[in-house]
Each structure stands twice: as structure tokens, then as C-alpha cells.
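Okay, everyone, thanks for coming.

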Amino acid sequence: MNIALMAHDNKKELMVQFCTAYAGILSRHTLCATSVTGKMVSEASGLPIHLFMARIHGGAEQIGARISYNEIDMVLFFCDPANPQYNDSLTYITKLCDQNNIPFATNLATAEMLIMGLARGDLDWRDIVNPKTKPFTT
């Protein structure tokens with residue numbers, strides 16, 4: 001599965017901890033992320049991550065385009081509801097995930113449910129929707 005990782009500034013460390021805790025599961029999948037989040041996660045967990053631009057430079061739009069083309073199977077976007085400056089990118093990604101039926105988590109509890117479901121095979125239906133004929137590339 002192709003999994004996109006995104007996190008607002010106040011949630012980046014939480015994303016790092018989450019990915020470190022679930023590195024065993026995540027390592028069996030292809031990960032991509034916005035630049036700063038991806039670098040932090042990769043350095044801490046050792047997971048290989050395809051990096052897009054930083055959110056401020058269009059990284060959310062790059063991931064959004066992949067969602068629109070059904071090239072992303074899951075989005076983990078840890079958001080900071082206390083900081084309204086990020087609402088545009090959150091709304092953008094939320095709408096695209098809803099339009100394209102992409103599993104989407106905005107908090108730790110939901111992300112854990114998706115990751116555990118992923119490990120059990122509950123999301124294998126995505127392989128029918130998005131057959132992998134070649135590796136995900138950025």
C-alpha cells in the first residue's frame with residue numbers, strides 16, 4: 001500500500017513516535033510524506049520515505065494530486081485543531097480522501113485503528129481499486 005504521512009508542526013513529534021512504534025507494519029508498505037515530516041520520521045525510525053515538498057511550498061498539493069489519481073491508499077495527517085492557519089491543507093486533503101474513498105486519519109487513535117486494520121488485511125480491498133503494477137515513485 002502507498003501511505004502518505006503529514007503532520008502539523010505541533011504534531012510532528014507524535015507522528016515520529018507513531019511511525020517508530022509501528023515501523024514493523026509500515027516497513028512492509030511504501031511511504032511518502034511532506035518534506036519536514038518525512039525527514040523527521042525517516043531519521044528517527046529508519047523507514048524509507050519518498051519526500052514531497054514542504055507543505056508551505058506545495059507538498060499538500062503534491063500529495064493531493066496523488067490522491068486524485070488514486071495512487072495513495074491511506075493518509076495519516078496528524079492535525080493541530082488549535083492552529084487554524086493549517087485549515088486550508090487539512091480541508092483540501094479531507095475532501096480528496098472523501099471523494100476518492102481513501103482511508104484517512106487525523107489523530108492518533110484513528111491512525112492506530114487503520115494501521116491495525118492494515119496489518120490484519122482489512123484494507124486489502126485497496127489492491128483491487130489500486131493495483132500495484134510498478135513501485136510508487138515521486
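**The ring cluster and the sheet**

So, F18 first: its relative accessibility is 2%, so it counts as buried, where buried means under 20% relative accessible area, exposed over 50% and partly exposed in between, with a 1.4 Å probe and protein chains only. Before I go on, this is a predicted model, where local features need pLDDT of at least 70, side-chain atom pairs count only at pLDDT 80 or more, and totals for chains, interfaces and linings use all residues. Residues are numbered from 1 along each chain as its sequence is written, and side-chain values use heavy atoms, with hydrogens and water left out.

Now, what does F18 pair with at an edge-to-face angle? That's F78, at 5.6 Å centre to centre and 75° between the planes. Rings of Phe, Tyr and Trp (its six-membered ring) pair if their centres lie within 6.5 Å; planes under 30 degrees apart are stacked, over 60 edge-to-face, the rest tilted. F18 sits in helix α1 (residues 12-21) and F78 in strand β4 (residues 74-78), so this pair ties together parts 60 residues apart in sequence. Helices (H or I, at least four residues) and strands (E, at least two) are DSSP runs, numbered from the N terminus. F78 is buried too, at 1%. Y22 is also buried, at 18%, and ring pairs link F18, Y22 and F78 into a cluster.

Over to the strands, which pair if DSSP finds at least two bridges between them. β1 (residues 2-7) runs parallel to β2 (residues 30-33) over four bridges, with I3 opposite L31. β2 also runs parallel to β3 (residues 49-51), joined by three bridges, and there C32 partners H50.
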